[in-house]
Amino acid sequence: MTSAFKVVDVHMHVIPGVDDGALDQQMALEMLQMAQEQGISTVFAAPHSSAFRVLPDETGESFRLLCDTAAQLLPGMQICLGCEIICEPVYIEQVTEMLRSGIYPTMNNTGFVLVEFTPGESAQGIIHCAAKLLDSGYQPMLAHTERYIALQNSPETVEVLRRMGARVQVNLYSLAKEKNPAVLTFARQLVRMKKVDYLGTDAHRTYHRPPDILDGLQWLYQSSDKEYADALTWKNAARDLSLDQYGLK
Ligand SMILES: [Fe+2]
């Protein structure tokens with residue numbers, strides 16, 4: 001099965017057995033196959049940061065094994081290493097230290113880092129963490145930006161964050177299938193305001209938040225000009241995250 005779409009998924013929990021994502025190698029491969037059938041050609045395997053803190057050796061080994069197996073079974077699918085780093089103002093210094101020491105990986109070894117917050121984190125807290133990361137030489141990509149209540153209530157803060165240097169990731173299912181109306185409305189608002197930089201599935205398992213992107217992509221391409229939609233689906237990621245095979249620098 002081939003797809004009309006070309007997509008870089010910057011956010012998937014596909015490394016088996018290290019977080020609340022794929023349970024085992026078989027499930028991880030099924031998730032990658034589902035993704036590939038819908039047009040995803042590059043996946044960032046981005047487990048929660050606890051995987052690298054608590055199970056560093058197992059996470060590295062599980063990632064390498066998944067890459068080797070996928071290279072044989074799913075030709076054309078590229079898997080890059082990432083990490084979804086949980087941030088709070090009270091321990092942002094520890095986060096920057098974990099990055100500096102190499103315990104937390106950046107996105108494909110670039111200066112970009114995928115960061116998440118609790119849904120109730122304050123706008124000031126998010127700004128504080130973004131500023132600390134930027135001061136330390138890392139460019140934050142805000143994971144599933146549409147979920148943060150403080151930003152839903154203050155969309156102008158997203159522009160403040162973007163002007164500082166932060167970038168915005170939105171989950172594809174949030175654009176079409178999200179059941180929380182505030183999240184769906186804000187995800188679409190961010191796209192319409194042209195404040196989104198990257199897309200992800202945030203897929204966890206074949207049966208829990210699976211890679212399911214076609215409705216979201218259809219909404220995106222119907223609601224945006226093609227140039228902007230292509231930037232979100234793959235061009236920004238190819239340019240920023242060292243994905244040389246796309247021919248963009
Ligand atoms: Fe996630």
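**Overall fold, an open sheet and a covered helix**

The protein chain has ten helices and eight strands, where helices (H or I, at least four residues) and strands (E, at least two) are DSSP runs numbered from the N terminus. The radius of gyration of the chain is 17 Å, close to the 18 Å that the globule rule gives for 249 residues, so the chain is as compact as a globular protein of that length. Here the radius is taken over C-alpha atoms, and the rule is 2.2 Å times the number of residues to the power 0.38. This is a predicted model, in which local features need pLDDT of at least 70 and side-chain atom pairs count only at pLDDT 80 or more, while totals for chains, interfaces and linings use all residues. Residues are numbered from 1 along each chain as its sequence is written, and side-chain values use heavy atoms, with hydrogens and water left out.

Along its principal axes, the C-alpha trace spans about 45 × 45 × 35 Å. Of the 249 residues, 56% are buried; buried means under 20% relative accessible area, exposed over 50%, and partly exposed in between (1.4 Å probe, protein chains only). Among contacts (heavy atoms within 4.5 Å) with a separation of 6 or more, 80% come from residues 24 or more positions apart.

Strands of a sheet pair through backbone hydrogen bonds, either parallel or antiparallel. In this model, three strands form an open sheet in the order E1-E2-E3, with parallel pairing; two strands count as paired if DSSP finds at least two bridges between them. Strands E1 (7–12) and E3 (78–81) stand at the edges with a single partner strand each, so one side of each has no neighbour in the sheet. From one strand to the next, the twist averages 20°.

Strand E2 (residues 40–45) pairs with E1 over four bridges. Within this pair, valine 7 has isoleucine 40 as its bridge partner, and aspartate 9 stands opposite valine 43. To get from E1 to E2, the chain passes through helix H1 (residues 25–37), and this β-α-β crossover is right-handed: with the strands pointing away from the viewer, the path from the first strand over the helix to the second runs clockwise. E2 also pairs with E3 over four bridges, and threonine 42 stands opposite glutamine 78 there. Five of the six residues of E2 are buried. Helix H3 (residues 56–73) lies across E2 and E3, running at about 165° to E3; axes are lines fitted to C-alpha atoms, for helices over the stretch in contact, and angles run from 0 to 180 degrees between N-to-C directions.

The buried residues of H5 include Ala123, Ile126, Cys129 and Leu133. Their cover includes helix H4 (92–100), strand E5 (112–116), strand E6 (139–142), H6 and helix H7 (155–164). Just after H5, glycine 137 takes a positive phi of about 95°.

Leucine 151 lies in helix H6 (residues 149–152) and counts as buried, at 0% relative accessibility. Not counting residues up to four places away in sequence, leucine 151 touches Ile126, Thr145, Thr157, Val158, Leu161 and Phe186. Leucine 151 and glutamate 121 are 30 residues apart in sequence, and their C-alpha atoms are 9.3 Å apart in space.
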